[in-house]
Amino acid sequence: MSQPLLLRFTFLHRVVHWVVGMTFVVLLLTGLAFSYPSLFWLTTLLGGGPAARVLHPQIGAVFGVGLLVMFVLWVRDMFLDAPDRQWLGAIKHYAAHEHDKVPPAGKYNAGQKLFFWLQSLLGVLFVATGLLLWFPESFGSGLLNTMRLLHFAAALAGGLLLILHVYLGTVAYPGTARGMIDGKVTTAWARLHHPRWSGERVER
Amino acid sequence: MPDTLAIKRISASPSALIPLESLRSGGPVYSKLVDISKCIGCKGCEVACKEWNDLKVEQTSNFGSMQSHKDLSSNTWLLMRFNEVEIGDDLSWMIKKDACLHCEEPGCLFACPAPGAIVQYQNGIVDFNQDQCIGCQNCVSGCPFDIPRFDKETKTVAKCNMCIDRVEVGLEPACVKTCPTNAIQWGIKDDMLALAEKKVETMKRRGYEHAALYNPGGVGGTHMMYVVPHGDRLEDYSLPAHPVASPAPLGGLNVLRRVGSYLLGFGVLSALAHFLAVGPMSPEEDS
Amino acid sequence: MASLAATFGRGAMTNHWKDIKNADVVLVMGANPAENHPCGFKWALEARDENGAKLVTIDPRFTRTSAVADKHLQIRPGSDIAILGGLIRHILTNDLHHADYVRAHTNASFIISGDFGFEDGLFSGFEEAGSRYDKTSWSYQRAADGYVRRDPTLEDPQCVFQLLRRHYDRYTPAMVAQIAGCSEEKFLEMADIICSTGRADRVGTIMYAVGWTMHTVGSQIIRTGAILQLLLGNIGRPGGGINALRGHANVQGATDHAIVAGILPGYLKVPTPEQTTLAEHLEASTPQPLVPDTVNYWGNYPKFLVSQLKAWFGDSATAANEFGYHYLGKPDGDATWLSIWDEAYHGRLEGFITLGFNPLLAGPDIPRLLKSMSRLKWMTVIDPFMLDSAEFWKAPGMNPAEIDTEVLYLPTTHWIERDGSFTNSGRWAQWKEKAIDPPDGVRSDTWVLSELFWRVKELYQQDGGAYDEPIQNLTWAYLNPREPTLVELAKEINGYDHETGQLLSSFGQLQDDGGTSSGNWLYTGSYTEAGNMMARRGTADPTGLGMHHDWAFSWPANRRVLYNRASADAEGRPWDPSRAGIAWTGREWIGDVPDYGRTTPPDAAGAFIMTEEGVARLFSSQMADGPFSEHYEPVESPTGNALHESVPVNPVINWYDGVRETLAAEGDDFPHACTIYRVVEHEHFVTANVPLLVEAMPDFFIELPEGLAAEKGIENGGRARVWSKRGEVEGVAIVTKRIKPLTVNGQTVWTVGIPVHWGFAGGTGSTHASMANLLTPFIGDANTRCPEFKAFLVNVERA
């Protein structure tokens, strides 16, 4: 008998997530290709160097729009409350999988909320610097250099976040990824990771 | 006949970092020599450059100078810059041919991420290959002389190629050919260095005590050299006093590259370590 | 040119381009060769670097030539004679002249009439009524034998040398500074350099161009330069000379072939109405020797003229009809530029044909020219490009509805689309090949002109008409008489021996009995039985002085340096053996083609074979405005004449009706001196059609000194308006350090500079703008009537 399921993400949420996620991966890989001669071969993903150079900012534009929609869709749930602060205080227990020592999380735990704000911040940085780099002829080369460095730094931070995100969402916490596939999670998963949210759902 | 187009370095390739002179040698190494004291600013070279390289005519307008364009562009690879400088009681009208200097240690090439987009030949020419260019403009940052220019239409970067198609068949570059006062000379670099020495002496005899050859060591020397009457006033000719092949912005990029590879590696390894340490965390199945 | 002929006997650049490399001092004044003659200018730089020469410029602006010169002196436009007169005084008071040269090769020792004098700005013989001089007193004293009296000691108070000293004694450094606006110190620094060549082992050259010529005293400026060079012993010597730089590739050739009024090809004279017979014309035009020891080569005038008539009228020119002398026009007026347009202005000119020229933009006072053109019945413009002149009725401010002039435009080939010869400044006639084909349907100049000739001739044949003989008898013996080739013309110009039918090889073969023909005696030898001498490209240089006798053809007789006999002393020894023009071996002259018989001994005759004196003239009665030069202010001047207040301007210039009213008068507010010039990026108006050159120098501009711009609130790159009494222009302001304020007669004078290129028709890019000649005055030189383009008054404001 199958377990009872809860709807965690609507279709819209899932689409937006994957648009942002996939574009970010492509952007990260081509960006790395532009930054590391040894990774230049990655540009073949988009049809070679010149094509990658043309497509990178265009994909970046999709990424930016996606990120904006994502922000609108998610932002209501992302404000930290008192339990979140307690959760943060117990983050090392969370990392150690000491479940009983972690204050119960709502739909999103404080880490996810911070992740959201960080990614939004990086998003702004990406888009702002990326736009300048997209139309470089309009700006002086000094400014462009700074922008290029910021863009690169943001990409590295974003890459780090991506690793964390993928790791936690897949192998570290099995059952999580399904929420982004058919949108559903098991009640058991919900009770484990987001007890306050599962409680609300069950009461209703 | 030696290969006039033997390659020395290719951007974003191992050869960019490891000079291969030892493997290929024997071809002529050329240089232009610009004698600023003989330049009358006629712009013949500017026009010849456009004519030979079939560069687009740009709509210019006088901005209060004898200078035609405010700046170089992807269609203006050579620009005569005019600068009026008062030195004591005397006026010096500094007129300088601004174009790629073809560094022996080309910062543009070192900065370029696209393999083959910038090629340095044994003969000294640093040539941009627009087919391979990804338009990232790292070369613009990499150039200590602020020479390469991005083209909005082609989304690639362009600069003087020393008329490589002429040099290949034994001709001098178009600017050299057209110079009416022989202010631009062309030849084997060693010969040009000897000529420069003579010219510096001539200038000193004429009272320019700071006359000097401009062949900056910070970029390994250049394949367009200048003989400058006021060697103590390089900035007035818009020539950097101490150019280096890897200027500051490029340094920042290099630091980030290194930090970045450590950071991402650290991220992956940490995740792996975490997994191995605490494993996955799955909910207990409801029964 | 008038003044060089008056001084040396020939009006042309004495030396040649490459010869400039041999100089020790190169004075560039009234010229900007870096800008206007960049290819030839390389030799000045070669002299500077390889010969250790001093290259100096004297100019109202610090030019691109000044940028590479050793020293620059800024002067006020129109003060050239003051500067040069000051240099002459500097030489004479400090004994810097080349004494042996002056004694041997100039008329310094000639004694002048006791009636000659100069007082208060006027030479003796001034006739107030006609604004002209009676030159009787400007003459030599004669001895009993009829020849001129001479004093080899140069001490006779009436000898030329002493008169010269007295005349220029007023040009003290203080006076020079007061007039020109420079400092005494800077003038003297310059004088020390320029006057350092009055020695056998040093030689200096002058490069000048229309910055000297285009003044009301233009000819006299050149005269002063010539006197200076004679005193320094620099004429006839390699590395010396007074070198007229010609603006276009073929100005010298055009001049040789009588593009200027008053001469026939080869500098022969236009008959006057009083000369009713050939004999009378020849008598008046053939000079008689003034001393026993002169070659007096112009004594051959009859041979040159008769051969020319034979070239023109062929078999119709016979001894019986005075070789067609009567077919020549004998104008009683002059046909100079200004006079032609003055005739048109007053409605006395019906039609005008212009060929290879843009008269509207090239002449002074465009507002007046526009009125003149509007009063023509018809105008034909023959040119490769649609010119502003052909569309003068479209000029700003013109109302086409009010203009009845019929304008015909005939497109012709550009020189790049045909072969032919160019004669450069150094008198080298160089044959060129056609480079590209003309566009479809475009005809050559020779086709157009032949067609014109045949159609006029056919009209005469059909309808008859008054005085048709010159047309009916003009010889037109070409293979295709509807389109002669330029080779045929070149041969015709060179000339034939009619007995043998062979091409002549030297003007020495010309006859005055009709046995020879030659279109232009100077070019005899340019196309001989041995072939086209102008097409020769031998680079051998046995003298090491860059003479290259196997390269092209240099008139006269392939001679590379004119008056080269003067490069050697009385005994025929070169002044400087390392730079020998010619040298006497005891049997013959070696080196350049001698300006003298090859075997004529050095003491046989004077060095200047083209003068009846046999020497060069420090004192010359051939000028209209004085045997010596004198500083006169431009007709529009910011100041009075510091030398003689009562005679401020050249007293013998021709005032056309109504011109005085177009000049700034007392009370008008035109405080600034203005001069116009060209820039290297453009060649007059034709390059407005070359996009790359328009890109290199796109817009009409106004050069303003920093101080004046600040005073008027004009920013660099902003727009300025400049106006004179005649018109106004507006353009981008180039605010520059290269023009400094001058102190003239105690007051501050600013100079404004304006380039001439740009019109309103044709062309590409942003060339449609103001025209410098909207501002210039309709007044000309007293001798040549060459217009005053270089010094006038304007006011300036921010636009």
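Q: Which elements of chain A have the lowest and the highest mean pLDDT?
A: pLDDT is the predictor's confidence in each residue, from 0 to 100. Helices (DSSP runs of H or I, at least four residues) and strands (E, at least two) are numbered from the N terminus. In chain A, helix 8 (residues 195-203) has the lowest mean pLDDT, 70, and helix 1 (residues 11-35) the highest, 92. For chain A as a whole the mean is 86, with 95% of its residues at 70 or more. This is a predicted model, where local features need pLDDT of at least 70 and side-chain atom pairs count only at pLDDT 80 or more, while totals for chains, interfaces and linings use all residues. Residues are numbered from 1 along each chain as its sequence is written, and chains are lettered from A and ligands numbered from 1 in the order in which they are written.

Q: Happy with that! Which chains touch, and which pair has the most contacts?
A: Two residues are in contact if their C-beta atoms, placed from the backbone, lie within 7 Å. Of the 2 pairs of chains that touch, A and B have the most contacts. Chains A and C do not touch, and their nearest C-alpha atoms are 21 Å apart.

Q: How many residues of chain B are in contact with chain C?
A: 29 residues of chain B are in contact with 33 residues of chain C. On the chain B side, helix 2 (44-53), strand 3 (79-87) and strand 4 (90-98) each supply at least two residues. Helix 2 of chain B gives the largest share, 4 residues.

Q: What can I say about chain B as a whole?
A: Chain B has 8 helices and 11 strands, and its C-alpha atoms fill a box of roughly 100 × 50 × 40 Å along the principal axes. Among its contacts with a separation of 6 or more, 64% are between residues 24 or more positions apart.

Q: In what order do the 3 strands of the open sheet in chain B lie?
A: Strands of a sheet pair through backbone hydrogen bonds, either parallel or antiparallel. Two strands count as paired if DSSP finds at least two bridges between them. Here the order is 1-5-6 in chain B, with antiparallel pairing. Strand 1 (7-10) and strand 6 (126-128) of chain B are at the edges with a single partner strand each, so one side of each has no neighbour in the sheet.

Q: How many bridges join strand 5 to strand 6 of chain B?
A: Strand 5 (residues 118-121) of chain B is joined to strand 6 of chain B by 3 bridges. Along this pair, B:V119 stands opposite B:D127 in strand 6 of chain B.
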